[in-house]
Structure formats: C-alpha cells, structure tokens
Amino acid sequence: MNGEERKILISSIVLVVTLILVVVGTTYAFFSLQIEGENTTTNVELTVGEQNEITLSGGITNFHINLDVSDMTEDKIWTSYYGTTDSNKKYAADGDSIYQDIGTFTKKGTLTEEYGCYADINIDLSGDMAESLQYVDLRLYIEQGIFSRTYDLSYETGKQEFKFNLSNSNMEPIKAYLEFANRDDDQSYLAGKELTVSIKIDNFRCTNTPHRIAN
C-alpha cells in the first residue's frame, strides 16, 4: 500500500466514553475482618468498626475522544489520542494531562497495616465499532500507587479484576487513561463508526494480605 492509498479512506470516528463508579457498600472497615469460604478474594465480609474506615467514591463525566480524517492521516502514524473531560477539546494529546482520577479513597482514623485490595473493572463496548477493533487500536490503562494494568479493548472487556494495596501512607486514587492509536496500518475498517465505552468499578474489597509485585 503506497502513501496515497494509506488511511485516506478514514472518515470520522466518534468515541463517547462513559465512566461510572458503582460502589456496592461504599464504606469498608478493618476493625474486624471476617472471612467466609475458601476464596478470600471473592468471599470477604468486612465489618464496620469505630475507626479505620475506608470509602471508595468518585467517577467522571463528559469523558470523550472525537476523531476525524485529519487525525488519521499517514503523517500522524503512531500518534496517540487520549480521553479528555474538556468539552472544548476533541481529545487530549501527548503533553496534555491524560490521567483521570476515577476512584478516590478516604479513611477515618489510622490504618495499622497494609491491605491487599481488589476492585472489579467492568468494561462494556457498544456501537458498530465494537466488533471492528483490532489489537492496539484502543487501550485502557488503570493505575493505583505502584500497581497498574493495561487492557486492550479489542479483546479484554467484561469484568476485569484489578489488584492494589492500601495503607496509611498510600491512599492514592485509582487513575486511568484511554488511548486510541493511529497505527502503522490501514484502519479504514473503523471509518464512519461509533463506539461507546462504559467503565464501571464495583465490588471493592480488601484482605489483610497485601499484594506483591513479581520481579
């Protein structure tokens, strides 16, 4: 494929992104920890005590990426476009602030130890672009403290478990960015299509065993 044939068939791509933080039982405490069943990552009851409570809340609105033919030309190969909440922008670009705080932790009292925590990242795609995405077209990056994970939305959707630690010295928010790539390939299969990405975070839970990052 020569330069004149490459990518000029792209018309417009519209990604409307909805990020919703759904917290079931928003407040958890570590004053008393009761574990039921064999799988402590899914069957954990945290009983509220008088102190050491942690609450997860947040979410963002108006998160979007809007692309057109000028963004998908050959001279912009390997350009990345990121989700933004700025209604005056089509997207965030390299050099902009691309991270969004999508979940914030607050605590009552002082945590006496470090906890290994989990949250379910539920990713749902709809629209006529959903079945057309290919590898590295669109990726979601999630981070909390030193823990991070990248999801390629061409195949990593549905419920995805995200692990992280919380402690008295680490109450960093859950951060995310969404990246669409103008790849070194013909992406005309995305021309004129739309995509809605719904990201919901729920089932926040913790155990008294912190996670370790593999070497």
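Me: Strands are DSSP runs of E, at least two residues, numbered from the N terminus. The model here is predicted. In which strand is D202 found?

Reply: Look for the run whose residue range takes in D202. Residues 194-207 form such a run, and D202 is in it. The strand is β14.

Me: How many Å apart in space are D202 and I121, C-alpha to C-alpha?

Reply: In sequence, 81 residues separate D202 and I121. In space, the C-alpha to C-alpha distance between them is 7.0 Å.

Me: Which residue does a disulfide join to C117?

Reply: The structure holds one disulfide. C117 is one end of a disulfide, with S to S at 2.1 Å. A pair of cysteine sulfur atoms counts within 2.5 Å, so 2.1 Å qualifies. The partner is C206.

Me: How many residues apart in sequence are the parts that C117 and C206 tie together?

Reply: The disulfide joins C117 to C206. C117 lies in strand β9 (residues 115-126) and C206 in strand β14, so the pair ties together parts with a sequence separation of 89 residues.

Me: What is the handedness of the disulfide of C117 and C206?

Reply: The torsion about the S-S bond decides this. For C117 and C206 it is about 105°, so the disulfide is right-handed.

Me: Are C117 and C206 buried or exposed?

Reply: The cut-off for buried is under 20% relative accessible area. C117 falls in that class, and so does C206. Both are buried.

Me: How many residues of strand β13 are buried?

Reply: Strand β13 spans residues 174-181 and is mostly covered. Of its eight residues, the buried ones number seven.

Me: How many bridges join strand β10 to β13?

Reply: Strand β10 covers residues 138-144 and runs antiparallel to β13. One of its residues, I142, has A176 as bridge partner in β13. The bridges between β10 and β13 number six.

Me: In β13, which residue is the bridge partner of Q100?

Reply: Strand β8 (residues 100-108) is joined to β13 by three bridges, and the two run antiparallel. Q100 lies within that residue range. In β13, its bridge partner is A176.

Me: In β13, which residue is the bridge partner of S80?

Reply: Strand β7 (residues 80-82) and β13 run antiparallel, joined by three bridges. S80 has its bridge partner in β13. That partner is A181.

Me: What is the phi of N62?

Reply: N62 is found in strand β6 (residues 60-68). N62 is partly exposed, with a relative accessible area of 42%. Its phi is positive, in a residue other than glycine. The value is near 55°.

Me: What is the relative accessible area of W78?

Reply: W78 sits in the loop between β6 and β7. W78 also has a positive phi, about 65°, although it is not a glycine. Exposed means over 50%, and W78 is exposed, with a relative accessible area of 54%.

Me: How many residues are in the largest nonpolar core?

Reply: Among the residues with the most contacts inside this core are F105, L140, L153 and V197. L153 touches several residues beyond four places away in sequence, including I123, L125, L138 and L178. Apart from this core lies another, of five residues, with A92, I98, Y141 and Y177 among them. The largest core has 44 residues.

Me: Is the aromatic pair of F105 and F204 stacked, tilted or edge-to-face?

Reply: The structure holds nine aromatic pairs. F105 and F204 form one, at 5.5 Å centre to centre with 50° between the planes.

Me: What is the arrangement of the aromatic pair of F164 and F204?

Reply: Both F164 and F204 are buried. Their ring centres are 6.4 Å apart, with 5° between the planes. Under 30 degrees counts as stacked, so this pair is stacked.

Conventions:
Residues are numbered from 1 along each chain as its sequence is written. This is a predicted model: local features need pLDDT of at least 70, side-chain atom pairs count only at pLDDT 80 or more; totals for chains, interfaces and linings use all residues. Side-chain values use heavy atoms; hydrogens and water are left out. Helices (H or I, at least four residues) and strands (E, at least two) are DSSP runs, numbered from the N terminus. Buried means under 20% relative accessible area, exposed over 50%, partly exposed in between (1.4 Å probe, protein chains only). Two strands pair if DSSP finds at least two bridges between them. A nonpolar core is a set of buried Ala, Val, Leu, Ile, Met, Phe, Trp, Tyr and Cys residues joined through side-chain atoms within 4.5 Å. Contact means heavy atoms within 4.5 Å. Rings of Phe, Tyr and Trp (its six-membered ring) pair if their centres lie within 6.5 Å; planes under 30 degrees apart count as stacked, over 60 as edge-to-face and the rest as tilted.
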